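Here is my note on the structure below. Please keep the model open while you read.

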Amino acid sequence: MTNRRSIGAVILFSMIIAAVFNFRNVINNYVSIGTLAAPIFLIATILYFVPFTLVIAEMVSLNRSAESGVYQWVRSSLGGRWAFFTAFCYWFVNLFYFISLLPIVLVYAGYMILGEEWTIQPWLIAVLSVAIFVVATWVSTKGARWIGTVTSFGSTLMLVMAILFIVAAVGALLGGITPANDLSPGGMRLDPNSGLTAWAFLGTLAWIIQAVGGAESIGVYLNDLKGGVRAFARTIIVAGVAIGLLYALGTWLMGVFVEKSSVSYSNGIFVTMQAAAGHFGLPGDVVVRVVGLIMLVATLGGLLIWTSAPVKVFFSEIPDGIFGRRVGARNQQGVPVVGAWIQFAIVVPLLFIPTLGAGSSINDLLKIVTNMTAATALLPPALILIAYLVLRVRFEDTVREFRFGSRRVGLAMSVFLLTVFSVAFVAATFPEGQALWLTLAYNVGGVAIFLGAALLWYQRYLRRLRALSPQEAAAELAPTAPLRSQENTLALQADRDAQGPRAQDPVAPA
C-alpha cells in the first residue's frame with residue numbers, strides 16, 4: 001500500500017467539523033422544536049455520537065489496511081453481500097443529502113451578495129444547483145489535500161462564528177437582556193399549543209441524530225492521516241465532544257435574541273445574527289453579508305467532503321465484477337473519478353423531484369429534502385451497528401489495537417442505538433403534514449426502488465461468480481474478520497519490532 005500520510009490531526013479535526021458541524025442544524029432544529037433541541041443535542045452526543053465514534057474507531061482498528069472504510073467494516077462480520085448493500089446505502093442516502101445541501105448554497109450566496117433573502121423559484125434553484133455540483137465533483141477528485149485545504153478554512157470560519165455568537169449571547173444575558181424565549185428548563189419542553197405532536201418530535205429526532213452524524217465518512221481518510229489508528233480515534237472523539245457542546249449551547253442561546261416563530265429554515269441564521277448585531281450596535285446589513293460569506297464557504301467545504309467520501313466508500317473496494325474495473329479505478333489520490341461522475345449523473349434528476357411538491361416556497365422545499373435526508377441518513381449507521389453487533393457476538397477474539405469496552409458494553413450500546421434508530425427512521429419517513437403522494441413517491445418509493453435494484457444487481461454478480469468459481473463465490477460471502485485478525489497480528493508485531501527490544505519486553509536490559 002502506498003504511504004499517502006499527508007494530513008495531520010489538525011486537518012482531520014477540521015474535516016470532521018466540516019462534515020459534521022453546521023450552524024444550519026442549529027437553526028433547523030430550533031425552528032422545529034425550539035430550545036428543547038439543546039438538551040436533545042447534548043443527549044445525542046453522549047448516547048449516540050461518542051459511542052458511535054468509538055465503534056468506528058474499533059472498526060478502523062480491525063481493518064487498518066482497508067481503503068474504503070464502511071465496506072470493509074461490514075464485510076468483516078457480515079460478508080460481501082451486506083458489505084455491498086451497506087456501501088450502496090451509504091452512497092445512496094448521500095444522494096439525498098446533496099438535494100438539501102446544494103439549494104442552501106444559493107441561499108447563502110444570495111445573502112452574501114444582496115444582504116437579504118433571495119426570492120427564487122425552486123426549479124431555478126435546482127438548475128443552478130447542478131452547475132455548483134459540476135464544480136464540486138471536479139474538485140472532489142483532487143484528493144484529501146485539496147479538500148482539506150478548503151474545509152480547513154471554511155470550518156475555521158464556522159467555528160469562529162459559532163463561538164463569537166455563543167460569547168455574544170452569554171454577554172447579552174450577563175448584561176441584563178430579556179431573552180426572546182424562555183431559557184429555563186421549563187421552556188425546554190413540547191409546547192402543547194404549538195401543534196407539534198409526539199410523532200412529529202420523533203421525526204425531528206432523526207434530524208438531530210443526522211446533525212451529530214458523519215463520523216463514518218472520515219474513516220476513509222485513515223490512510224492519509226499521520227499517526228494512524230490511535231491518532232484517528234483520539235481526534236474523532238475530541239471533535240465529537242466539541243461538536244455536541246457547540247450544538248447544545250448554540251441551540252439554547254438562539255432563544256436570547258429571536259423568538260422561535262420569527263425564524264425559518266432559510267433565514268434563521270441571518271435573522272438571529274442581525275438581531276445580535278443590533279443589540280451590540282453593529283451594522284446589521286454588514287453582519288448579514290459576512291455571515292452569508294462564512295456559511296457559503298463552510299457549506300462548500302462540507303459539500304466537497306460529501307461529494308468525495310461516499311464515492312470512495314462505494315466504488316473503491318467493491319468487487320470489480322459488480323460494476324466493472326473502470327468504474328472503480330482510482331486516481332493517484334485514491335478517488336474513483338468515473339464513480340464520482342456517475343454520482344453526478346444520478347443526482348441531477350433527483351434535484352428536480354422535490355420541486356414538484358414545494359410550490360413556490362424555498363422553505364417548503366428545504367423542509368421536504370431535510371426530512372428525507374434525515375430519514376435515509378439513519379440507514380448506513382444502523383447497518384454498521386448491526387455489523388458491529390455481530391462482530392462482538394461471533395468474532396470477539398479477533399486481534400485489533402482498539403476495543404470499545406468489554407463485550408457486554410459493546411453489545412448493550414449496539415442494541416440501544418438500533419432501537420432508537422428504528423423509531424426515528426419510521427417517524428421521519430412518514431412525516432406529518434406532507435402530501436401522501438410525495439411521501440409514497442419520494443420517501444418510500446425512492447428508497448425501495450434504489451435498494452431493491454442494488455440487491456438485484458449484486459445477485460446478478462453473485463450468479464456469474466458462482467458459475468465461474470464456486471470457491472470465490474463462497475469467499476465473497478464469508479466474513480473477513482479471521483483474515484483481518486491475522487493481518488493485524490503481523491502488523492502489530494512489525495510495529496513492535498520497529499520500536500526495538502523495549503517495546504517487546506518491558507523488562508529487557510538496556
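The points below go from the whole chain to single residues.

1. **Basis.** This is a predicted model: local features need pLDDT of at least 70, side-chain atom pairs count only at pLDDT 80 or more, and totals for chains, interfaces and linings use all residues. Residues are numbered from 1 along each chain as its sequence is written, and side-chain values use heavy atoms, with hydrogens and water left out.

2. **Overall fold.** The chain has 22 helices and 0 strands. Both are DSSP runs numbered from the N terminus (helices are H or I, at least four residues; strands are E, at least two). Buried residues make up 57% of the 510 residues. Here buried means under 20% relative accessible area, exposed means over 50%, and partly exposed lies in between (1.4 Å probe, protein chains only).

3. **Contacts and surface.** Residues 24 or more positions apart account for 82% of them. A contact means heavy atoms within 4.5 Å. The chain exposes about 20200 Å², and carbon and sulfur atoms supply 66% of that area. Accessible areas come from the Shrake-Rupley method with a 1.4 Å probe; for residues, only the protein chains shown count as cover.

4. **Helix 3.** The expected span is 1.5 Å times one less than the number of residues. Helix 3 bends by about 40° at Thr-45. That bend is the angle between axes fitted to the seven residues ending there and the seven starting there.

5. **Nonpolar patch.** Which residues make the nonpolar surface patch of about 590 Å²? They are Leu-42, Ile-43, Ile-46, Leu-47, Val-241, Leu-245 and Phe-416. Patch residues have over 30% relative accessible area and no salt bridge; nonpolar side chains (Val, Leu, Ile, Met, Phe, Trp, Tyr) are joined within 5 Å, like charges within 9 Å. Helix 3 supplies the largest share, 4 residues. Leu-245 lies in helix 10. It is partly exposed, with a relative accessible area of 45%.

6. **Helix 17.** Residues 379-394 form this helix; its 16 residues should span 22 Å, and its end C-alpha atoms are 23 Å apart, which agrees. Here 12 of the 16 residues are buried, so helix 17 is largely enclosed by the rest of the structure. Among the buried residues are Pro-380, Pro-381, Tyr-388 and Arg-392.

7. The structure holds 6 salt bridges. Each is a side-chain nitrogen of Lys or Arg within 4 Å of a carboxyl oxygen of Asp or Glu. One joins the side chains of Glu-58 and Arg-392 (3.3 Å, N to O). Glu-58 lies in helix 3 and Arg-392 in helix 17, so the pair ties together parts that are 334 residues apart in sequence. Both Glu-58 and Arg-392 are buried.

8. Glu-58, Arg-392, Glu-396, Arg-400 and Arg-403 are linked in a network of salt bridges. Glu-396 meets Arg-400 at 3.9 Å, N to O. Glu-396 also meets Arg-403, at 3.4 Å, N to O. Glu-396 counts as buried at 18%. Arg-403 counts as partly exposed at 32%.

9. **Ser-76.** This residue lies in helix 4 (residues 70-78). At 1% relative accessibility, Ser-76 counts as buried. What does Ser-76 contact, leaving aside its neighbours within four places in sequence? The residues are Leu-62, Asn-63, Phe-395, Pro-479, Thr-480, Ala-481 and Arg-484.

10. **Val-10.** This residue is found in helix 1 (residues 9-20). Val-10 is exposed, with a relative accessible area of 68%. Val-10 and Thr-235 are 225 residues apart in sequence, and their C-alpha atoms are 8.3 Å apart in space.
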